[in-house]
Amino acid sequence: MKPDRFWFHRDSFPDYVCRPVARCRLFLPLILLFILNCPVAAAAPHLDFMLENIRHPVFSIRSAGIRLTGSPASNLEINLEQVAIGKQRWRNLHVGCGPVRITRESVICDRGILRIGGQSLKMTFRLSLLQKKFELEVRPVSTRQSKETWQLVIDWQTEKWQGALKVINGDGKYLAGLLPRKKEPVQVRQAILNGNFHLSGDSASVTALSARLNISNLAFSDASGLHAGERISLQLDMDARQDRHGWRWQSKLTWPEGEVFWQPFYFSGGAHQLAAGGTIQDGHIHLSQGEFNLAGIGKADFSAVLNIADQSWQQARFAARNLTLSTLFGNIIRPLVVETALAETEMTGKMDIDWHYPEDNDPSLFIEVHNASLTDAQGRFAVAGLGARLPWSRNVKRDGLIQFDHARVIGIPVGKTQIPIQTEGLQLSIPYAEIPILDGKMAIAHFSAARKDSKSSKDSKDSKDSGDSGWQWQFNGLISPISMEKLTESLQIQPMFGTLSGTIPRVRYANSTVTMEGELVFGIFDGVVVARNLVLTEPLGLTPHLTADIAMHHIDLGLLTHAYSFGNIQGRADVEINDLELINREPVRFDAKITSSAGDDKRRISQAAIRNLIALGGRSAVTAIQQRFLGLFEQFGYAEIGWRCKLRNGICDMGGIESLTHDDSYMLIKGSGIPAINITGYNRSVDWHELLKRLKQAIESGNPVIHGYD
Amino acid sequence: MCKQLINFLMLTALILFMCAGTATAVDFEANTPAVTRLKQNMQQRHSQLAPFYDSGAVGLTRDGLVALRDANAVPLSSRQSVNSLVTAENQDRNALYREIALANNHPEWEEDIRLTFAQRWTASARSGWWYQQGNGSWQKK
């Protein structure tokens, strides 16, 4: 230690004052050594000594005041305004020792007090100048409940000095008070430390350090409890050594016990391990041998280069093979998607990940999924035999593939499918794919999906997109004939006959809403169905809304009535359902109208169908005379059939072919030929659910009874 | 002074009249399939949430939702599932207010319906449950 300046006053002042600005190579022992070698120390009953700045490659001290009073059994007081090691700062450290035994060979303090971080600790130390050794032991003031001990030994017998710190049942909570404050402070509530630290160095710097530390019963939390850990055990092994190129280091952290909740993730301990090694040179940390083992999920290798000055990653790589998807999805992916349809999804299978962040700042990701399955707990979808190659790059278009053996979406079976995909940044596209559905297939063309943030959507010049944010997609396609019978059976709705086929116009998804532009045309009951203005909101939500206008042309009533066991009606009809709204597949609003199609096709109606139609008409829907005929003939001729219903607030406001003038009745069937029968409706307002319920009962029992809504 | 008092009384009467008018206009018991489904869902979830209302971990917010207000009252291993419960409950509550507004053919009433429900939830909360006051602070009932 070579003081730059040194003022020395004796006798002229009541206290002796030394004020050097020092460049220090060894800490406390040499300060004390300095005191011992100071010519005034032995002679003076009272010494005040002030070191304004002590700088060392490892640490620095600001304003160290040393006071020695009494002789030969003196009292020693050391006050350090600030001690800094690296970025750590400790303020207002105080060492008091009385009496301290000072000889030319040693300084011994058997009863000292160390105050640090607002705590007072018992302290003893022994400085041996002959053996060039300093020993310090620190204990809490009360040791009845704790056997906490901190033992520091520093010796400098050879050119290389070395220090060892042994911690026995150290209080981690006490250490936490010394941690620098962060924006969201996480407080360590308790922790017990046991371990050994070794440092060695030469006159210029520290050249080697190692640590073997066990942390047990660690508990921490922030104020909100959203970042917390309890009963945690950690084992840290670390070695670092300096050579002519820089530092070489190796470390391993094991987490065998405890639990952590770090919003939104939860992990419990159990052989999780993080191992890393590398070098520190030229202002960079090179992490070359990283290995992360998350028990139950799998192992990942990683490497990185970190610029120390600006704390930025220059490059990084992360690779994992055969990760277990059930735990990876449950522990890591699902907590991130709790507000989506995947919130109640289970996943099995294996996954590989390769992530690369190169120096040119164009990161890339490659995910491969093997033998996976995806199952929604609510039964909305399930995928089996799932495999995927998903490459991604921020600036380059990549080709990938998704395939599965079979799937089920809202009850509809989907066959083996291969979907080629292309990714680029936050855009995904499918040029063309065919998806087998039941006995037909759906071809998807020009599918494109992109994630839009609210800012960019506000800036969008496209008025259609303004205000839209989140994921958006669109496609068009083609449906090759799918059996309506099988489709309705899969959907568990009333059976329909015919085929679903046609062109899918542009379908667009944004803001949780699927919108179909143009018309969807398909065939059922040997007729043609045209669906327009189709909008589906929250398709996988709890309450999906579907609105549409549907027109059916030239429907074969024979097929229709057969499907619903409604008796038999021969003839053709046109159906219009406008302003249709379904919630959870249940109609809540529509304007529906059924009328006979134009043409001279055969028009006959069976006795059973008449009885069921009476159910719609209510009361004496046929005259007394007609009632007699009803039992005599199996079939009747008719000229026209008509029924309409305006559904609002659960009430169906009904009508027929035409309103009759003598009362509020309306004609449902206008008879024609021999035998002919007219059917009249009387109930204008019917509770929709009641109507369905009683019609269902009537069809099942063959004895219809429909009451009006009062 | 007298004029100010009359003005104040008239203003108060006007506000009461407007509130009464809104209250009578909205059918809070609208019974659409969506509302029914949402209520069933929320009813089923309530038994899972009730212990967390009791412990103060979850509270009723001033905007008709629920919030994890004190995670420390929940065992560490349950905090994730409480989070999921709160998220699911809020999804249903938001949907409920939207569906009631739609059932009334007035989607623009959603915010008013939400605030009315917020008051209803608070009023029907059990003693010891926490609710958020108008200024955002939490109050134990």
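Two residues are in contact when heavy atoms lie within 4.5 Å of each other. By that rule, among contacts in chain A between residues at least 6 apart in sequence, 46% join residues at least 24 apart. For chain B, again among contacts between residues at least 6 apart, the figure is 56%. The model is predicted.

**The two chains**

| Chain | Residues | Buried | Helices | Strands |
|---|---|---|---|---|
| Chain B | 141 residues | 41% buried | four helices | four strands |

Strand 19 of chain A covers residues 298-307. Eight bridges tie it to strand 20 of chain A, and the two run antiparallel. A:Leu306 has A:Trp313 of strand 20 as its bridge partner. Strands 19 and 20 of chain A form a hairpin with four residues between the strands. In that hairpin A:Gln311 takes a positive phi near 50°.

Strand 20 of chain A also pairs with strand 21 of chain A. This pairing is antiparallel too and runs over seven bridges. Here A:Arg317 stands opposite A:His356 of strand 21.

Helix 3 of chain A spans residues 325-333. Which of its residues are buried? They are A:Leu325, A:Leu328, A:Phe329 and A:Gly330. An α-helix has 3.6 residues a turn, so residues three or four places apart point the same way. The cover over the buried residues of helix 3 of chain A includes strand 20 (312-324), strand 21 (345-357) and strand 22 (364-376) of chain A.

**Chain B: the sheet**

From the N terminus, the elements of chain B run α-α-β-β-α-α-β-β. Its four strands form an open sheet in the order 2-1-3-4, with mixed pairing. Strand 2 (66-68) and strand 4 (138-140) of chain B stand at the edges. Each has a single partner strand, so one side of each is left without a neighbour in the sheet. Neighbouring strands of this sheet are turned by 35° against each other on average, direction ignored.

Strand 1 (residues 58-60) and strand 3 (residues 130-132) of chain B run parallel and are joined by two bridges. B:Gly59 stands opposite B:Trp130 of strand 3. Helix 3 of chain B packs on the sheet and touches strands 1 and 2 of chain B. The direction of this helix makes about 160° with that of strand 2 of chain B.

**Chain B: helix 3 against helix 4**

Two packed helices are described by the angle between their axes and the distance between the axes. What are these values for helix 3 (residues 79-103) and helix 4 (residues 110-124) of chain B? The angle is about 125°, and the axes are 9 Å apart. Angles over 145 degrees count as roughly antiparallel and those from 65 to 115 as roughly perpendicular. Helix 3 and helix 4 of chain B are therefore oblique to each other. Their crossing is right-handed.

Helix 3 of chain B brings B:Arg93, B:Asn94, B:Leu96, B:Tyr97, B:Arg98, B:Ile100 and B:Ala101 to the contact. Helix 4 of chain B brings B:Glu110, B:Ile113, B:Arg114, B:Phe117 and B:Trp121. The residues of this contact divide into seven nonpolar, one polar and four charged.

How values were computed: Residues are numbered from 1 along each chain as its sequence is written. Chains are lettered from A and ligands numbered from 1 in the order in which they are written. This is a predicted model: local features need pLDDT of at least 70, side-chain atom pairs count only at pLDDT 80 or more; totals for chains, interfaces and linings use all residues. Side-chain values use heavy atoms; hydrogens and water are left out. Axes are lines fitted to C-alpha atoms, for helices over the stretch in contact, and angles run from 0 to 180 degrees between N-to-C directions. Angles under 35 degrees count as roughly parallel, over 145 as roughly antiparallel, 65 to 115 as roughly perpendicular and the rest as oblique. A crossing is left-handed if the near helix is turned anticlockwise from the far one by less than a right angle, and right-handed if clockwise. Ala, Val, Leu, Ile, Met, Phe, Trp, Tyr, Cys and Pro count as nonpolar, Asp, Glu, Lys and Arg as charged, and the others, Gly among them, as polar. Buried means under 20% relative accessible area, exposed over 50%, partly exposed in between (1.4 Å probe, protein chains only). Two strands pair if DSSP finds at least two bridges between them.
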